[in-house]
There are 4 protein chains.
Amino acid sequence: MRKKSTKNKAIPHLSCTAEAFVMIHEADPLGIVWHGNYLKYFELGRETFGRTFGIQYNEILEAGFTTPIVQLHCNYKQALKYGEKFSVKTTMLYCQGAKIILDYQIFNTKNELCCEAETTQVFINLQSELMLIAPSFYEEWKRKHNFDLE
Amino acid sequence: MRKKSTKNKAIPHLSCTAEAFVMIHEADPLGIVWHGNYLKYFELGRETFGRTFGIQYNEILEAGFTTPIVQLHCNYKQALKYGEKFSVKTTMLYCQGAKIILDYQIFNTKNELCCEAETTQVFINLQSELMLIAPSFYEEWKRKHNFDLE
Amino acid sequence: MRKKSTKNKAIPHLSCTAEAFVMIHEADPLGIVWHGNYLKYFELGRETFGRTFGIQYNEILEAGFTTPIVQLHCNYKQALKYGEKFSVKTTMLYCQGAKIILDYQIFNTKNELCCEAETTQVFINLQSELMLIAPSFYEEWKRKHNFDLE
Amino acid sequence: MRKKSTKNKAIPHLSCTAEAFVMIHEADPLGIVWHGNYLKYFELGRETFGRTFGIQYNEILEAGFTTPIVQLHCNYKQALKYGEKFSVKTTMLYCQGAKIILDYQIFNTKNELCCEAETTQVFINLQSELMLIAPSFYEEWKRKHNFDLE
């Protein structure tokens, strides 16, 4: 089991923030968000990232690929409660090769870090083959968004 | 962000298996389980572990504690599809101190490993304080279940 | 808004029962199942019905149809709590025409009725057209299962 | 099984609208929202109603009551797809007695009605007793919001 995270550098300009509040069905009998529901908040972050930077699932699919998550690390620091507002900051991490690595930070209204996570996605073509080098549409996307500039 | 997993040893006799199948609302537009839904399968594993070995949330709560998950690592290897049967094998990992570390392995009917994960839980008392040493009820549970025997 | 239910007769031999228990992420801050999660239990009932009587989504799809739910009525009578075991009894209701009507009853371990519901499904072909008469595969299925016998 | 809806009149000024988009984990293998997930959208509507008009779950709880849903009717008209934006219009219906009846309408961006529903909630006090007459805090809320004015 590969368990280490990437420790890769964040790309500050490839970052965006979404806001939401905790719904009653996301909170458990202790009144706090069930740990698995944070993955919906990361999904909100990833979706917002895709909408902001033109790299949604549908756009990737049109280019002929899917990008399944192959690895997830998550640290829970402070529980969000039913009704609480929060923000999800999603930032792309620098990496070489045919992968997308995103970092997520969830903050409450006091700006306290409640949860942070990292996901790694790979590229699969329509024949279900793993891409060993990044697809050209993604290389183009990276150039357009100054992925390599620091 | 602490991202390394524990690499702790499994305790073979503290292990159990649950079985289920993929429901339609757990599969995404690609027909495969949305990655976040595996956490429900791990929850099924953890719940089954608690029922099997007498350490369910309710029993922990009666002893005066909650055991929130503070860390999760997950590797996705092969997607489960709608309708597919699978098993979740949940195994306790050996660790010293006031923590519960569980390992999860999800297998399809061909006995292929589809997903594996590890969660770390801590003990919080009813005053919301983190326990630095394991509560006595848990030490007793460990003795009863030969936690330290190899 | 069409709101009346069918009041159709149950077909006693087209009935099956599934069992499960309430997971922690299905219970809300009051410790009881969030009302929307009962629809997952009805889905379990419908899936079990499909497996038992050979009319699963995949089998319907192979015949060239989908069967979306167009109407749902649900009465909540008694809340299930986290950890509680329950059963879902799913029964087909008699109806003429191109529809599938199922009735669901959820019982706790004291055999008290906790929740009952009814869903109506229609047949849509692969050109997204609503079928006004039942597809032949379904007529065949009804004959095989003595749908019309009382 | 009581299945008829109330056919009660809408109170036009007790109405509000929330907006969201369909997340990937809410869509099923057909690419459309799983029917049970619309209840999360109604919950979003109800929560927004509570925040707009000062009658959230927490406020009701502080007054000494919970308001469980005892009945739900839902008509599905047109499926929302992954990524689609939609709005939920939530409107209170006029009724006498100790009940809250809400009506929900979900519209896509073409302003087509995709789904409509109605929920009935009752008042339960902290001794788990059903209120046969509306609690005074709710009567006050109704006066403040001109519930009876037409």
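User: What conventions apply to the model?
Analyst: The model is predicted, so local features need pLDDT of at least 70 and side-chain atom pairs pLDDT 80 or more, while totals for chains, interfaces and linings use all residues. Residues are numbered from 1 along each chain as its sequence is written, chains are lettered from A in the order in which they are written, and side-chain values use heavy atoms, without hydrogens or water.

User: Why is V122(D) called buried?
Analyst: Buried means under 20% relative accessible area, exposed over 50%, and partly exposed in between, with a 1.4 Å probe and protein chains only. V122(D) has a relative accessible area of 11%, so the residue is buried. V122(D) lies in strand β6 of chain D; strands are DSSP runs of E with at least two residues, helices are runs of H or I with at least four, and both are numbered from the N terminus. Contact means heavy atoms within 4.5 Å; beyond its neighbours within four places in sequence, V122(D) has contacts that include T66(D), V70(D) and L130(D).

User: What makes strand β3 of chain D largely enclosed?
Analyst: Seven of the eight residues of this strand (residues 69–76) are buried, so the rest of the structure largely encloses it.

User: How do you know that β3(D) pairs with β6 of chain D and with β3 of chain C?
Analyst: Two strands pair if DSSP finds at least two bridges between them. Seven bridges join β3(D) to β6 (residues 113–122) of chain D, in antiparallel fashion, and Q71(D) has T120(D) as its bridge partner there. Five bridges join β3 of chain C to β3(D), also antiparallel, with L72(D) as the partner of C74(C).

User: What characterises the interface of chain C and chain D?
Analyst: Buried area is the accessible area (1.4 Å probe) that two parts lose on being put together, summed over both. Here the value is about 2500 Å², of which carbon and sulfur atoms give 61%. On the side of chain C that touches chain D, α1 (38–53), β3 and β6 (113–122) each supply at least two residues, and β3(C) gives the largest share, eight residues. The contact takes 27 residues from each of chain C and chain D.

User: What relates chain C to chain B?
Analyst: A rotation of 180 degrees with 0.0 Å of shift along its axis superposes chain C on chain B, with RMSD 0.0 Å, by least squares on C-alpha atoms of residues with pLDDT of at least 70 in both. That is the relation of a two-fold axis.
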